[in-house]
Amino acid sequence: MSMLIAIDGPAASGKGTLARRLARHFNVPHLDTGLLYRATAAGLLQQGVRLDDVERAVAVARGLALTDFDDDQLRGREMGEAASIVAAIPEVRAALIDAQRRFASRPEGAIIDGRDIGTVICPDAPVKIFVTASPETRAQRRALELAGRGEKVDFAALLADISKRDERDSSRSSAPLKVAPDAITLDTTALGIEEAFAAALQIVSGRAAR
Ligand code: CDP
């Protein structure tokens, strides 16, 4: 059986770090699906088009290649916010489904992280992990990450961002953020990167043993 792991969770929960770490450990390709929505938003902003222009958003989403993302440009705070706006457009989500499922069905396996991987993109994934942490912990992690990239950080603003994004991602009608019934929740509030990784490995081996 090839290895397919679906990782979902709210903003700055540590799912990206965990997914990259697992991908390295198992030597399988990793897709950060947040980058698809970030790149769609970036394309619209570049064209000077509104983020709610459905037709243009779909055209940008369809034209994305999964590989050539400029991470640095896409990872900033503003692009995360813009991404969550385009991600609420059902037509944009639909335009990105095939590419994500193709990635998931690679013979060598895949580790995919996002908001709807275990619920919509790969409902049959044998391993699903829902990564979460308290909003304060997530804001702290985001503050460290942004400071590391040289962005100015204001903790209160980041915490407000996170609550707004949680609300938007969970309440949208199309593929809202929610825990798949067969996902295992991993709360990383009190866990460092290595501890979270060890806990995830246990979840993976527990699932493989069933
Ligand atoms: O870690 P953070 O949430 O800041 O960033 P991300 O994972 O790159 O996601 C950015 C935004 O894209 C999220 O707030 C979601 O609205 C959206 N997204 C989504 O709707 N579905 C996905 N599979 C991945 C991201």
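A: The largest cavity is lined by Arg 38, Arg 75, Gly 76, Arg 77, Glu 81, Arg 142, Leu 146, Leu 158, Asp 161, Ile 162 and Arg 165. They are called lining residues because each has an atom within 4 Å of a point of the cavity. The model is predicted, with local features needing pLDDT of at least 70 and side-chain atom pairs pLDDT 80 or more, while totals for chains, interfaces and linings use all residues. Residues are numbered from 1 along each chain as its sequence is written, and side-chain values use heavy atoms, leaving out hydrogens and water.

Q: What makes a space a cavity, and what makes it a pocket?
A: On a 1 Å grid over the protein atoms alone, a cavity is a set of points where a 1.4 Å probe fits but cannot get out, whereas a pocket is an open set with protein on both sides within 12 Å along at least five of seven lines. The structure holds two cavities of 30 Å³ or more. The largest cavity has a volume of about 100 Å³, a volume being the space filled by probe spheres set on the points, which are joined across faces, edges and corners.

Q: Which element gives the most to the lining of the largest cavity?
A: Helix 9 does, with four residues, and helix 5, helix 8 (135-148) and helix 9 each supply at least two. These elements are DSSP runs numbered from the N terminus, where a helix is H or I over at least four residues and a strand is E over at least two.

Q: How do the residues of the lining of the largest cavity divide?
A: They divide into three nonpolar, one polar and seven charged.

Q: How much space lies in the second largest cavity?
A: About 40 Å³ lies there, and the residues that line the second largest cavity include Asp 8, Gly 118 and Phe 130. Strand 1 (4-8) and strand 4 (127-132) are the elements that give two or more residues to this lining, which divides into seven nonpolar, one polar and three charged residues.

Q: What volume does the largest pocket have?
A: The largest pocket has a volume of about 810 Å³, and of the 38 residues that line it, Ala 12, Gly 14, Lys 15, Gly 16 and Arg 142 are the closest to its centre. The largest share of the lining, six residues, comes from helix 1.

Q: Which residues around the ligand come nearest?
A: Of the 18 residues around the ligand, Arg 38, Arg 93, Arg 115, Arg 165 and Asp 169 come nearest, and a residue is near if one of its heavy atoms lies within 4 Å. Helix 2 gives the most to this shell, with three residues.

Q: What makes a pair of atoms a polar contact?
A: The pair must be N or O atoms within 3.5 Å; within protein, one must be able to donate a hydrogen and the other to accept it, and residues adjacent in sequence count only if both atoms are side-chain atoms. A polar side-chain atom of Arg 165 lies 2.6 Å from an oxygen atom of the ligand, and one of Asp 116 lies 3.1 Å from a nitrogen atom of the ligand, so both pairs fall within the limit of the definition. The protein covers 96% of the 520 Å² of accessible area that the ligand has on its own.

Technical notes:
Accessible areas come from the Shrake-Rupley method with a 1.4 Å probe; for residues, only the protein chains shown count as cover. Ala, Val, Leu, Ile, Met, Phe, Trp, Tyr, Cys and Pro count as nonpolar, Asp, Glu, Lys and Arg as charged, and the others, Gly among them, as polar.
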